[in-house]
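Reader: I would like a close look at a single part of this protein, with what surrounds it. Please take it slowly and give the cut-offs as you go.

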Amino acid sequence: MNHPLNSWAARDQASVLHPYTNLAQHAETGPLVIRRGKGVRVQDEEGRWYLEGMAGLWSASLGFDEPRLVEAATKQLQALPFYHIFNGRSHEPAIELAEKLLSLAPAGLSRVLFSNSGSEANDAAIKLAWHYHHLIGKPQKRKIIGRERAYHGVTIAAASATGQVANHNGFGLPLPGFLRTGSASHWHDALPGENEADFVARRARELEELIAAEGADTIAAFIAEPVTGGGGVFVPPDGYFAAIQEVLRRHEILFIVDEVITGFGRTGTLFASERFGLRPDLLSTAKALSASFLPISALLVSEKINQALLAGSATHGPFAHGVTYAAHPVCAAVALETLRLYEERDIIGHIAQVSPLLQDGLRALLDHPLVGNARGVGLIGAVEIVADKAAKRHFDPALGVGARVQAAALKRGVILRGLKGDAIAACPPLIIRPAEIEELLGALRGALDDVQ
Ligand code: PLP
């Protein structure tokens, strides 16, 4: 498509290297340039408004124009625009945010390590798992177990733990020592006729077998998203994490819980760890931590690991990890205000009220000839597009059916996301209202009709 020479689109094509974008296709079609936001909607450069059914990147929890967050940022910019927390320096927003996070966090977590992104938080978690075992005299415990279909980010360790080959190909990843076990998606990965309980038992057995084959004394940590996001939106079957955690505990393998998407209400509880009974040694959060108004991530660290780090300072020297913008004061002030807003506006109560509309609406789409599965929890969900429902057969990937549904929904004014394997995801801002959920679902059904 030829864009006018000086349009934002043409300038974008001549200058921006886009993440996670088919670059050849982009050179043809150009970008969707978004210029402003209001509530759950964003507007493009031609003035069209869209309902943002993905909250941007599973992240803009309070929508796109929250004045309280603008005020919090402005106030902090005026008071102290930057300071760092290396070498024992500190500032009030860092302290207040850490305290607040710990007051909300699952039991047993007692310190907060800040970074800028979910990827960095997960890399930090993996480094801490290595460092912990090193400090307690088990330096050979190094291997990291991730899961197929998982997504943990793009930095070298987080990408290595990610279970999608697209994140490895051409980069020489995963790094040695990154192992993979099966996903928690019963719909995708169950054996013919295998019920959920048997599937869960098999997954626990497979993990046990992997650990036995590698040697428990070589394995540092297991990492998982409570609800898989970018890999396709999978809610684990009942009992899955109880069975997995039992195996991890027996072999003294740390549990890294990636709550980068699920943290702060997405699944209906503040942390998905509550909903699924998880007891993390390390818990990573980002995205909704600051409602995505500014970049910040937080890794919550267990007291056991904190104690080892503390003792390690005597023998090992300073804890040598951190980024310049860790707990950046403006980002931290915005995150703190975000957490206040969640409480003041009872975001968890709101999600309890509106999420059945989304979940029931997605499941109602099972009557559509293209929808083979509908799933989700809280305000995250997906439908799976299939060519044959009974055989769970997908369309030929070359047809790009998921991308076509995504494009058709966009034409109807709703932003959804076509994931690999032809799942269409919805993950709207947490503030979404019932009429907006109806609008989202209507556009999704219409888009499915359009490509049928
Ligand atoms: N973990 C999960 C579950 C994610 O969904 C993402 C990003 O989508 C990440 C980690 C990486 O976060 P970031 O893109 O902020 O590095």
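Author: Helix 4 has 13 residues, which at 1.5 Å a residue should span 18 Å, and its end C-alpha atoms are 18 Å apart, so the two values agree. The expected span is 1.5 Å times one less than the number of residues in the helix. Helices (H or I, at least four residues) and strands (E, at least two) are DSSP runs, numbered from the N terminus. This is a predicted model, in which local features need pLDDT of at least 70 and side-chain atom pairs count only at pLDDT 80 or more, while totals for chains, interfaces and linings use all residues. Residues are numbered from 1 along each chain as its sequence is written.

The buried residues of helix 4 are Leu69, Ala72 and Gln76. They cover an arc of only 60° around the axis, which puts them on the same side of helix 4. The arc is that of the directions from the helix axis to the C-beta atoms. A residue is buried if 20 or more other C-beta atoms lie within 10 Å of its own, exposed if 12 or fewer, and partly exposed in between, with C-beta atoms placed from the backbone. An α-helix has 3.6 residues a turn, so residues three or four places apart point the same way. On the face of helix 4 turned away from its buried side are the exposed residues Pro67, Thr74, Lys75 and Gln78.

The cover over the buried residues of helix 4 includes helix 5 and helix 13. Two residues are in contact if their C-beta atoms, placed from the backbone, lie within 7 Å.

Helix 5 (residues 92-104) also has 13 residues, for which 1.5 Å a residue gives 18 Å, and its end C-alpha atoms are 18 Å apart, which agrees. Its buried residues are Pro93, Ala94, Leu97, Ala98 and Leu101. Seen down the axis of helix 5, these fall within an arc of 125°, so they line one face of the helix. Glu99 and Ser103 are exposed on the other side of helix 5. Helix 4 (67-79) is among the elements that cover the buried residues of helix 5, as are strand 4 (109-115), strand 10 (297-302) and helix 13 (329-344).

One of its residues is leucine 341. With 18 C-beta neighbours inside 10 Å, leucine 341 counts as partly exposed. Leaving out residues up to four places away in sequence, leucine 341 touches Leu62 and Arg68. Leucine 341 and alanine 166 are 175 residues apart in sequence, and their C-alpha atoms are 37 Å apart in space.

As for the whole, the protein has 16 helices and 15 strands. Its radius of gyration is 22 Å, close to the 22 Å that the globule rule gives for 452 residues, so the protein is as compact as a globular protein of that length. That radius is taken over C-alpha atoms, and the globule rule is 2.2 Å times the number of residues to the power 0.38. The C-alpha trace spans about 65 × 60 × 45 Å along its principal axes. Of the 452 residues, 47% count as buried. Among contacts between residues at least 6 apart in sequence, 71% join residues at least 24 apart.
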